Amino acid sequence: QVQLVESGGGLVQAGGSLRLSCAASGRTFSRDGMGWFRQAPGKEREFVAAISWSGGSTYYADSVKGRFTISRDNAKITVDLQMNSLKPADTAVYYCAAGTGWPPAYAYWGQGTQVTVSS
């Protein structure tokens, strides 16, 4: 059974930092691209960042470029999202996803972790 489990969400003040982590299991993810998405209340889910299976390629939404960093550890089968200089607009449920190809065809999704940034 494929599972993606996010952790690390919480409440932080504007300007602060959080690190999200996603632990994957149930298949060999080492050849999958992985990414982070988010969904704010009343809005559609949007792309945040992605990383290729080797870690050699990354891609970010313009809204987070320069503030967020995605990384992965294929030995541990985890993908992290370091979020700095957080803004209230970053408040959302953050989801981890995985899929084949580049850009990934996301087929696997986690349940999400809440990030709330207070002003």
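**Stop 1: the disulfide**

Select Cys22 and Cys96: the torsion about their S-S bond is about -80°, so this disulfide is left-handed. Cys22 belongs to strand S3 (residues 18–25) and Cys96 to strand S9 (residues 92–100), so the bond ties together parts that are 74 residues apart in sequence. Strands here are DSSP runs (E, at least two residues), numbered from the N terminus. The two sulfur atoms sit 2.1 Å apart, and a disulfide is a pair of cysteine sulfur atoms within 2.5 Å. By that rule the count comes to 1 disulfide.

Is Cys22 buried or exposed? Cys22 counts as buried, at 0% relative accessibility, and Cys96 is buried with 0% as well. (Buried means under 20% relative accessible area, exposed over 50%, and partly exposed in between, with a 1.4 Å probe and protein chains only.)

A quick word on the model: it is predicted, local features need pLDDT of at least 70, side-chain atom pairs count only at pLDDT 80 or more, and totals for chains, interfaces and linings use all residues. Residues are numbered from 1 along each chain as its sequence is written, and side-chain values use heavy atoms, leaving out hydrogens and water.

**Stop 2: the core**

Now select Trp36, Leu81, Met83 and Tyr94, the residues with the most contacts inside the largest nonpolar core, which has 28 residues. (Such a core is a set of buried Ala, Val, Leu, Ile, Met, Phe, Trp, Tyr and Cys residues joined through side-chain atoms within 4.5 Å.) Among the elements giving two or more residues to this core are S3, strand S4 (33–39), strand S8 (78–83) and S9.

Zoom in on Leu81. Not counting residues up to four places away in sequence, Leu81 touches residues including Leu20, Trp36, Val48, Phe68, Ile70 and Tyr94, where contact means heavy atoms within 4.5 Å.

**Stop 3: the rings**

Next, pick Phe37, Phe47, Tyr59, Tyr106 and Trp109, which ring pairs link into a cluster. Rings of Phe, Tyr and Trp (its six-membered ring) pair if their centres lie within 6.5 Å; planes under 30 degrees apart count as stacked, over 60 as edge-to-face and the rest as tilted. The count comes to 5 aromatic pairs. Tyr106 and Trp109 have ring centres 5.9 Å apart and planes at 50°, so that pair is tilted. Tyr106 is partly exposed at 21% relative accessibility, and Trp109 is partly exposed at 33%.

**Stop 4: charges over rings**

Finish with Arg31, whose charged end sits over the ring of Trp53, 4.0 Å from its centre. Then try Arg45, which lies over the face of Tyr95 at 3.9 Å from the ring centre. The rule: NZ of Lys or CZ of Arg within 6 Å of the ring centre and within 35 degrees of the ring normal.

Key:
Helices (H or I, at least four residues) and strands (E, at least two) are DSSP runs, numbered from the N terminus.
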